[in-house]
Amino acid sequence: MHNICGLDFGTSNTISTVYKDGKTVMVPFESNSKSLPSSVFFPFEEIDKPIYGDLATNTYVNNGYGRYMKSFKRILGTQFFEQGTALKPGTNIYFHDIIVNYLKHVKNTTEEFLGGETDYVVVGKPVRLSDKENGENSGIGQLESILKNVGYKNYSFLEEPIAAAYYHKDRIENKSLAIVADLGGGTCDFTIVEINENKKDLNILATSGVSLGGTDIDSNFALEVFFPELGYKTLDKFKGLTLPALPYRLASDWNKITTSLYTKKTEFLVRKMINNAKHKEKVIQLKSLIENKKAHSLLNQIEQTKIKLSETDILNFKSEFISNASLDISKSLLEDSIHTIVTKIIKTANDCCKLAGVNENAINYLILTGGTSKMPLVKQLFEETFYKAKLIENNAMDSVALGLLEKAKKDMNL
Ligand SMILES: Nc1ncnc2c1ncn2[C@@H]1O[C@H](COP(=O)(O)OP(=O)(O)OP(=O)(O)O)[C@@H](O)[C@H]1O
Ligand SMILES: [Mg+2]
């Protein structure tokens, strides 16, 4: 066996690592990027030739005629996995096949780069992929079926935070304790590891995970800060009740946009809301967002605003989907809208300490990885919780993928 790989199939981004000419390398995807965003666009004129990553997003945002989807890893372990979705009338596709085709694209790109077939791949998995832990309908059972259909013959799984621990293990002193927090797009996962004297291996004391991440932060940010401009939480003109929340909830969730927003039922409800609304003009904008199938575009703009607010305290938001909107969005508006989520994430880290039987102040290293760890509020709360620990945060976007390859090398005695 000589072609070994690490595969970090993420909710937001996928990275493939290989061992080539004695070196660890991240496989370049479109535009030479080391990661491939987990998004797909099905052009209506060539529905059987989907395009992936940034190319998919750019085509959709620039009014490409077709169907766009993002964050489909989140479908694993849910009821939607077994269901099909209509790409256009008469063309159904199962989520299983969407993910298989996406990962086939990753495998093909990797093998072209390697110049040969993959002999062994270590694949990352969240600590909790679904409430149902095992069996063919569990998230992990579905992922196994996907990997087989993609064509991987030899594979093993490794929990994503443990992979990050492998990557960082040489930065940690002997006999010390580290918590690794992998805060991604779809899940936040933790492990507490002890470094053995000879650093040859890790002693895993506990793992914990929660199905919450950057995509949920996007949803809450959208609902609390932006969607009131589209009528969310505004009143009807008769009884003074707030309008139904359902269409807003669907429009704030990357997957529900795909599975449930663009239906006759939602369109009917929104038309009724327009008749009843005190601020009709706001809800009319929601109707046009749905009719033009532009909810992903607005959510993309909101996600980008979130990312920019990691570097700046305030910015001005303008969007063609919210008329007259020239909103000054401050970092504190974002932080107020996501407090509940961040509290749950920290609690899952506390649970990991409990499971490991260690106190937070006994942790020597706090290793932060994943895109969500770049949020100042998140980083600050973790540093306060593990106040005695030394912070390690380099290679936050790639450490899982690099660690998966470390594990593959170890398994193959390389
Ligand atoms: N600078 C930043 N500030 C805030 N959030 C960020 C930043 N950079 C990326 N993100 C968010 O991080 C998430 C993506 O992180 P990452 O690539 O680690 O996730 P993933 O590995 O695809 O997901 P998962 O591991 O949960 O399956 C997205 O929600 C993205 O919006
Ligand atoms: Mg990840």
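In this structure, Ile217, Asp218, Phe221, Ala222 and Phe226 of helix H5 meet Leu299, Ile302, Glu303 and Lys306 of helix H10. Contact here means C-beta atoms, placed from the backbone, within 7 Å. The model is a predicted one, where local features need pLDDT of at least 70, side-chain atom pairs count only at pLDDT 80 or more, and totals for chains, interfaces and linings use all residues. Residues are numbered from 1 along each chain as its sequence is written, while chains are lettered from A and ligands numbered from 1 in the order in which they are written.

- The residues of the H5 and H10 contact divide into 6 nonpolar, no polar and 3 charged (Ala, Val, Leu, Ile, Met, Phe, Trp, Tyr, Cys and Pro count as nonpolar, Asp, Glu, Lys and Arg as charged, and the others, Gly among them, as polar).
- The axes of H5 (residues 214-226) and H10 (residues 295-308) come within 10 Å and cross at roughly 100 degrees; axes are lines fitted to C-alpha atoms, for helices over the stretch in contact, and angles run from 0 to 180 degrees between N-to-C directions.
- H5 and H10 are therefore roughly perpendicular to each other, a term for angles of 65 to 115 degrees.
- Helices (H or I, at least four residues) and strands (E, at least two) are DSSP runs, numbered from the N terminus.
- Helix H4 (residues 160-168) and helix H14 (residues 399-411) have axes that come within 7 Å and cross at roughly 80 degrees, so H4 and H14 are also roughly perpendicular to each other.
- Among the residues making this contact are Ala163, Tyr166 and His168 of H4, along with Val400, Leu404 and Lys407 of H14.
- The H4 and H14 contact residues divide into 8 nonpolar, 3 polar and 3 charged.

**Around ligand 1**

- Of the 23 residues around ligand 1, Gly10, Ser12, Gly184, Gly214 and Gly371 come nearest; a residue is near a molecule if its C-beta atom, placed from the backbone, lies within 6 Å of it.
- H5 and H10 are the elements that give two or more residues to this shell, and H10 provides the largest share, 3 residues.
- The shell divides into 3 nonpolar, 15 polar and 5 charged residues.

**The five-stranded sheet**

- An open sheet of 5 strands runs in the order E14-E13-E12-E17-E18, with mixed pairing; two strands pair if DSSP finds at least two bridges between them.
- Strand E14 (202-210) and strand E18 (390-392) stand at the edges with a single partner strand each, so one side of each is left without a neighbour in the sheet.
- On average, neighbouring strands of this sheet are turned by 20 degrees against each other, direction ignored.
- Strand E17 (residues 365-369) pairs with E18 in the parallel sense over 3 bridges, and leucine 366 stands opposite leucine 391 in E18.
- Helix H12 (residues 339-356) packs on the sheet, touching E12 (177-183), E13 (188-195) and E14, and its direction makes about 145 degrees with that of E14.

- In strand E1 (residues 4-9), 6 of its 6 residues are buried (20 or more other C-beta atoms within 10 Å of a residue's own, with C-beta atoms placed from the backbone).
- E1 pairs with strand E10 (residues 120-125) in the parallel sense over 4 bridges, with cysteine 5 opposite valine 121.
- E1 pairs with strand E2 (residues 13-20) in the antiparallel sense over 5 bridges, and the two form a hairpin with 3 residues between them.

Note on methods: Parallel < 35°, antiparallel > 145°, perpendicular 65-115°, else oblique. Contact = placed C-beta atoms within 7 Å. Buried ≥ 20, exposed ≤ 12 C-beta atoms within 10 Å, placed from the backbone.
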